[in-house]
Amino acid sequence: MYVIVIDETKCNNCGECVKICPNDIYKIVNDKVTVGDTTECSNCQSCISMCEPQAITISEI
Ligand code: SF4
Ligand code: SF4
């Protein structure tokens with residue numbers, strides 16, 4: 001299982017991670033991008049490559 005953290009000091013809420021994730025891990029709540037249920041994350045790294053400010057960290061637990 002993976003833990004996904006968005007660094008709020010870097011995230012500009014562009015929404016690219018929401019669009020690219022094949023497993024709908026990211027959600028928009030009150031105009032803010034947040035991490036939802038990470039159970040289905042396959043660690044494909046697509047969100048990381050789309051995130052220009054490098055705000056996303058994924059670690060395995
Ligand atoms: S792609 Fe990066 S900067 Fe854009 S909303 Fe996602 S975490 Fe934030
Ligand atoms: S690594 Fe892939 S499956 Fe996991 S959150 Fe990012 S885009 Fe989605």
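Me: How does the shell around ligand 1 divide by class into nonpolar, polar and charged residues?
Reply: In this predicted model, 14 residues surround ligand 1. The closest are Cys11, Cys14, Cys17, Val33 and Cys51. By class, the shell holds 10 nonpolar, three polar and one charged residues.

Me: How many charged residues are in the shell around ligand 2?
Reply: Ligand 2 is surrounded by 14 residues, and the closest are Cys21, Ile25, Cys41, Cys44 and Cys47. Nine residues of this shell are nonpolar and five are polar. The number of charged residues is therefore none, since the shell divides into nine nonpolar, five polar and no charged.

Me: Which residues form the largest nonpolar core?
Reply: In soluble globular proteins, nonpolar side chains tend to be buried together. In this chain, 18% of the 61 residues count as buried. The largest nonpolar core has 11 residues: Ile4, Ile6, Cys17, Ile25, Tyr26, Val33, Cys41, Cys47, Cys51, Ala55 and Ile56.

Me: Is methionine 50 buried, exposed or partly exposed?
Reply: Methionine 50 lies in helix H2, residues 46–50. Beyond four places in sequence, its contacts are Glu16, Cys17 and Ile20. Buried would need 20 or more C-beta atoms within 10 Å, and exposed would need 12 or fewer. Methionine 50 has 16 C-beta neighbours inside 10 Å, so it counts as partly exposed.

Me: What separates the C-alpha atoms of methionine 50 and valine 35?
Reply: Methionine 50 is in helix H2, while valine 35 is in strand E3, residues 32–35. The two residues are 15 residues apart along the chain. Their C-alpha atoms are separated by 15 Å.

Me: Why does the chain count as being as compact as a globular protein of that length?
Reply: The chain has two helices and four strands, in the pattern β-α-β-β-α-β along the sequence. The globule rule gives 10 Å for 61 residues, and the chain comes close to this, so it is as compact as a globular protein of that length; its radius of gyration is 10 Å.

Me: What share of the contacts with a separation of 6 or more comes from residues 24 or more positions apart?
Reply: The C-alpha atoms of the chain fill a box of roughly 25 × 20 × 15 Å along the principal axes. Among contacts in the chain with a separation of 6 or more, residues 24 or more positions apart account for 57%.

Me: Which residue in E3 stands opposite valine 29?
Reply: Strand E2 (residues 26–29) pairs with strand E3 (residues 32–35) in the antiparallel sense, over four bridges. Two residues lie between the strands of this hairpin. Opposite valine 29 stands lysine 32.

Me: Is asparagine 30 buried or exposed?
Reply: Asparagine 30 is found in the loop between E2 and E3 and takes a positive phi near 50°. Most residues other than glycine have a negative phi. Because asparagine 30 has 5 C-beta neighbours inside 10 Å, it counts as exposed.

Me: What is phi of aspartate 24?
Reply: Aspartate 24 is found in the loop between helix H1 (16–20) and E2. With 10 C-beta neighbours inside 10 Å, aspartate 24 counts as exposed. Its phi is positive, in a residue other than glycine, and is near 55°.

Note on methods: Residues are numbered from 1 along each chain as its sequence is written. Chains are lettered from A and ligands numbered from 1 in the order in which they are written. This is a predicted model: local features need pLDDT of at least 70, side-chain atom pairs count only at pLDDT 80 or more; totals for chains, interfaces and linings use all residues. A residue is near a molecule or strand if its C-beta atom, placed from the backbone, lies within 6 Å of it. A nonpolar core is a set of buried Ala, Val, Leu, Ile, Met, Phe, Trp, Tyr and Cys residues joined through C-beta atoms within 7 Å. Two residues are in contact if their C-beta atoms, placed from the backbone, lie within 7 Å. The radius of gyration is taken over C-alpha atoms; the globule rule is 2.2 Å times the number of residues to the power 0.38. Two strands pair if DSSP finds at least two bridges between them.
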